[in-house]
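This report covers a pocket, a sheet and a helix, taken in that order.

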Amino acid sequence: CTKKDDDSGLKVMNLVLGDDAKSLDPAIAYDTVSLTIMPLAMESLFQYKYTKIPLELEPLLAESMPTISKDKKTYTIKIKKGVKWQDDAAFSGGKGRELVARDFIYAWKRISLPEIQSPGTWIFEGKIVGWDNFYEKVKSTPKDKQEDILQEEIEGLKALDNYTIQIKLIKPFPQLLYVLTMGFGAPVAKEVTQKYGQQGLNERMVGTGPFLLKKYTKGSKIVVAKNPNFRGEVFPS
């Protein structure tokens with residue numbers, strides 16, 4: 001009602017949020033308001049088909065549905081080629097580079113950092129080969145050394161090449177693909193955390209989705225705008 005912004009010439013939608021977003025970080029966002037905003041910029045491997053009931057999965061950043069081994073414990077996921085991160089000062093020349101498989105692995109390992117206090121560690125605990133040992137190692141490592149630990153390999157989470165992710169389970173976990181639709185599964189570029197810090201993502205989104213963050217006034221307003229790097233997605237018909 002007190003809107004004073006000059007939006008002349010723009011197509012603008014104003015929505016009322018019932019509360020402040022607790023965090024825009026995909027490793028933390030778990031409340032309704034945060035999950036209204038964060039997915040506008042941060043995408044995951046899979047999503048739910050918009051027109052299907054009961055709910056049915058489809059690829060989002062994944063190129064196709066995964067190949068699953070006969071014992072149901074190894075998932076091989078191809079990601080789409082040519083997907084670009086939005087332009088941001090964190091990247092060389094301010095231009096978003098191509099999304100690669102290691103961005104997912106980095107994001108998933110990052111969930112383990114104690115300073116983030118992610119509520120999403122449960123998605124891997126007791127399920128991924130090598131995750132529990134890795135998680136305990138991160139928690140027992142001094143904060144200034146934890147970033148080094150994130151570079152260590154986890155047997156159950158690997159980027160086989162730039163476009164192939166391999167996930168190895170301790171035992172079959174049929175809910176895995178549904179878990180990977182969640183914000184916790186969204187990729188994060190290492191360049192972004194290096195520039196803004198691990199906690200800098202609480203009020204900043206650098207993603208691959210259709211919108212990018214223009215302004216975040218905590219407790220007041222969040223402004224997003226069209227991401228010119230977005231690959232495009234149309235309503236299913």
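In this predicted model, the second largest pocket has a volume of about 840 Å³. Its lining comprises 27 residues, and those closest to the pocket centre are Gln 47, Tyr 48, Tyr 50, Leu 60 and Glu 233. Strand S1 (residues 46-48) provides the largest share of this lining, with three residues. The table gives the lining of the second largest pocket by class.

| Class of lining residue | Number in the second largest pocket |
|---|---|
| Nonpolar | 17 residues |
| Polar | five residues |

Four strands form an open sheet in the order S3-S4-S6-S5, and their pairing is antiparallel. S3 (67-68) and S5 are the edge strands; each has a single partner strand, so one side of each lacks a neighbour in the sheet. S3 and strand S4 (residues 74-78) run antiparallel and are joined by two bridges. In this pair, Thr 67 is placed opposite Thr 76 of S4.

Helix H2 packs on the sheet, where H2 touches S5 and S6, and the direction of H2 makes about 170° with that of S5. H2 spans residues 101-110 and is mostly covered, with nine of its 10 residues buried. The buried residues are Ala 101, Asp 103, Phe 104, Ile 105, Tyr 106, Ala 107, Trp 108, Lys 109 and Arg 110. Besides strands S5 (157-161) and S6 (164-168), the buried residues of H2 pack against helices H3 (131-139), H4 (143-149) and H6 (190-196).

Technical notes
Residues numbered from 1 in each chain as written. Predicted model: local features only at pLDDT ≥ 70, side-chain atom pairs only at ≥ 80, totals over all residues. Heavy atoms only, no water. Buried < 20%, exposed > 50% of the residue type's maximum accessible area, 1.4 Å probe, protein only. Contact = heavy atoms within 4.5 Å. Pairing = 2+ DSSP bridges. Axes fitted to C-alpha atoms, helices over the stretch in contact; angles between N-to-C directions. 1 Å grid on protein atoms, 1.4 Å probe; cavity = no way out; pocket = protein on both sides within 12 Å on 5 of 7 lines; lining within 4 Å. Points joined across faces, edges and corners; volume = space filled by probe spheres on them. Nonpolar A, V, L, I, M, F, W, Y, C, P; charged D, E, K, R; others polar.
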